[in-house]
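User: Hi! Could you walk me through this one?
Analyst: Happy to, here it is.

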Amino acid sequence: MKKSTLFILLFTAYSLLAQDKFFTNTGTINFEASVPFFEEVKAVNRQVAIVLEPRTSTFICTVIVKDFRFKLDMMQDHFNENYMESHRYPKAVFKGKIEKFDLKDINEQEKEYQIKGKLILKGKSKEIVVSALIKKIGDGIQITSDFPISYSDFNIRIPSRIAGKISKTANTELIGVVRSTDLVYVTLK
């Protein structure tokens with residue numbers, strides 16, 4: 001009897017702690033840097049890792065740069081080799097704090113939050129503030145955020161012959177549904 005009670009208490013404590021983190025590795029980042037009358041410059045990455053720690057209001061997003069997919073293979077090659085140097089800088093990371101975030105306030109109604117944090121891209125770091133829409137869906141929490149990335153902030157050099165064909169700012173959209181990392185199921189006898 002004592003073992004069962006202790007086990008139930010430990011399991012309950014573990015469950016409460018495990019719910020402190022929500023995670024996905026199937027988030028999506030879309031970015032576009034197109035300008036009118038020129039070839040579309042657009043890519044998507046569907047393997048984005050997102051972590052939400054409600055207790056500390058911490059939000060972390062990590063993306064492998066080579067996982068962006070373009071319509072044209074040549075664009076993807078130029079993106080990785082010339083602009084992002086993904087062999088040298090394989091990841092981009094955003095880590096921030098969601099202002100005025102409380103998990104108890106999250107429901108099916110979308111709420112807007114500000115996330116202040118640091119974006120690390122191509123070896124450069126910049127403090128940014130992004131807006132995010134957060135709501136509960138099913139057994140998870142959906143996070144959607146749009147934010148611009150200026151190439152000049154991260155030493156991404158665009159050759160002058162191409163500069164007029166690409167926007168100076170990449171419009172970036174993040175979408176992900178994070179779920180509790182509490183995946184433990186126990187059968188009590």
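This is a predicted model: local features need pLDDT of at least 70, side-chain atom pairs count only at pLDDT 80 or more; totals for chains, interfaces and linings use all residues.

**Helix H2 and the chain around it**

User: Which residues of helix H2 are buried?
Analyst: In H2, residues 73-83, the buried ones are Met75, Gln76, Phe79, Asn80 and Tyr83. They sit on the same side of H2 because they span an arc of only 125° around the axis, taken from the directions from the helix axis to the C-beta atoms. Buried means under 20% relative accessible area, exposed over 50% and partly exposed in between, with a 1.4 Å probe and protein chains only.

User: What covers the buried residues of H2?
Analyst: The cover includes strand S1 (22-32), strand S4 (69-70) and helix H3 (160-163). Helices (H or I, at least four residues) and strands (E, at least two) are DSSP runs, numbered from the N terminus.

User: And which exposed residues are on the face turned away?
Analyst: That face of H2 carries Asp73, Met74 and Glu81. Just after H2, Glu85 has a positive phi of about 45°.

User: Zooming out, how many helices and strands are in the protein chain?
Analyst: There are 3 helices and 9 strands, in the order α-β-β-β-β-α-β-β-β-β-α-β along the sequence. Of its 189 residues, 38% count as buried.

How values were computed:
Residues are numbered from 1 along each chain as its sequence is written. Side-chain values use heavy atoms; hydrogens and water are left out. Contact means heavy atoms within 4.5 Å.
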